[in-house]
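Here are my notes on this structure, for you to read with the model open beside you. Take the points in order and find each residue as we go.

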Amino acid sequence: MASFKLLNYAGVNGEARPGILVDGNVIDLVSAGLGASTYELLQDWKANHDRLTKIADGATSYTSRPLSDVDLLAPILYPPVVYNAAANYVDHQKEMSGGKQLVKSDTHPYFFLKSGPHCIIGPGADIRLPAVSNFIDWEAELAVVIGKSARNVKASDALDYVAGYTIFNDLSARDMKPVGRTFNVHWFAQKNFDGSGPMGPWIVPASDITDPHDIDIKLWVNEELKQDSNSKYLFFNINEQIEYISARMTMRPGDVVATGTPSGVGAPYGGRLKPGDTVTIEIGGIGKLVNPVVQGD
């Protein structure tokens, strides 16, 4: 059975076209008679996964293009919501709080939301530093793509609702603080700005990831390795995160869960992105997400 990766790429007029990557070549799924978008395919993922596998098995029967000849877009255009786990690695908890560590039995998963249509950009797209902030930070994260409706899901069953995995960069405006308020964090302003959620380069089906809780996560700014960890160090694991969210909201196919970032962000020492930088995230079994940095408005 052939493996594949689900993706979007730019058509002749720049329009998003769904495809799968098989052995270094991209098969156009519209031409193959399957779906108008990756988001549509996720709505019936179990059946479409089988169909995509059959296309991958017969890849030589379909017209394809080398991956090097296509411009990739975000693998979902656009997820309605991204659930972002906060402070979900012990080492990141410590680096952001002066060495303090949460006690798991005394707390619960903690999330904020990002708006998919506004925040998501794809591989190769410019990270445009917003003029309202002088401190944009990086956060490499393993992201989970939901493949069927999930409500009141038990942790033990949670991975049955996962379509696949991708890479997410939870860009953060660290200098966005609440003014004249008693709140400690301004989550909306800090986490939501145009292009604050680079994602990609594709979705790897869950069936191709042996253990999502043992995946290397690395991030470089230019040539300097900033983050180097593994998903086995998640504070609340993927199962627990899905259980927590689905007890409160019905998770829908195409929703994304960014599971949290390990240590190595810029905040503790004032490290921040600047025009001319390049951010590269590599997650084992998935691939690389690369985005250049420019000044925005």
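How many aromatic pairs does the structure hold? It holds four. Before we look at some of them, keep in mind that this is a predicted model, where local features need pLDDT of at least 70, side-chain atom pairs count only at pLDDT 80 or more, and totals for chains, interfaces and linings use all residues. Residues are numbered from 1 along each chain as its sequence is written, and side-chain values use heavy atoms, with hydrogens and water left out.

1. **Y110 with W187.** A pair of aromatic rings is described by the distance of the centres and the angle of the planes. Rings of Phe, Tyr and Trp (its six-membered ring) pair if their centres lie within 6.5 Å; planes under 30 degrees apart count as stacked, over 60 as edge-to-face and the rest as tilted. For Y110 and W187 the centres are 5.9 Å apart and the planes are at 75°, so this pair is edge-to-face. Y110 sits in the loop between helix 3 (90–96) and strand 7 (111–115), while W187 is in helix 5 (residues 187–191), so the pair links distant parts of the chain, 77 residues apart. Helices (H or I, at least four residues) and strands (E, at least two) are DSSP runs, numbered from the N terminus.

2. **F112 joins in.** Check W187 again: F112 and W187 form a stacked pair, 4.7 Å centre to centre with 10° between the planes. F112 lies in strand 7 and W187 in helix 5, so this pair ties together parts that are 75 residues apart in sequence. Put together, Y110, F112 and W187 form one aromatic cluster.

3. **Buried or exposed?** Here buried means under 20% relative accessible area, exposed over 50%, and partly exposed in between (1.4 Å probe, protein chains only). F112 is buried at 7%. Y110 is partly exposed at 44%, and W187 is partly exposed too, at 25%.

4. **The largest pocket.** Which residues lie nearest the centre of the largest pocket? They are A86, A87, M96, Y110 and W187, out of 28 lining residues. The volume of this pocket is about 620 Å³, and the elements giving two or more residues to its lining are helix 3 and helix 5. The rules: on a 1 Å grid over the protein atoms alone, a pocket is an open set of points with protein on both sides within 12 Å along at least five of seven lines, whereas a cavity is a set where a 1.4 Å probe fits but cannot get out; lining residues have an atom within 4 Å of a point. Grid points are joined across faces, edges and corners, and a volume is the space filled by probe spheres set on the points.

5. **A cavity as well.** The search of the whole structure finds one cavity of 30 Å³ or more. About 40 Å³ of space lies in the largest cavity, and its lining includes M1, F4, H49 and P205.

6. **Charges over rings.** A charge sits over a ring if NZ of Lys or CZ of Arg is within 6 Å of the ring centre and within 35 degrees of the ring normal. The charged end of K148 does this with Y161, at 4.6 Å from the ring centre. The charged end of R272 does it with F135, at 3.9 Å.

7. **H213.** Look in the loop between strand 14 (197–205) and strand 15 (216–221). H213 is buried, at 17% relative accessibility. Leaving aside neighbours within four places in sequence, H213 is in contact (heavy atoms within 4.5 Å) with residues including N230, K232 and I238. Its side chain reaches the backbone nitrogen of I238 at 3.1 Å.

8. Most residues other than glycine have a negative phi, and most peptide bonds are trans. Now see D23, where phi is near 50°; D23 is in the loop between strand 2 (16–22) and strand 3 (25–28) and is exposed at 75%. N152 has a positive phi too, near 55°. A cis peptide bond joins L77 and Y78, with omega about -10°, and another cis bond runs from G200 to P201, with omega near 5°. P201 lies in strand 14.

Key:
Polar contact = N/O pair within 3.5 Å; in protein donor to acceptor, adjacent residues only side chain to side chain.
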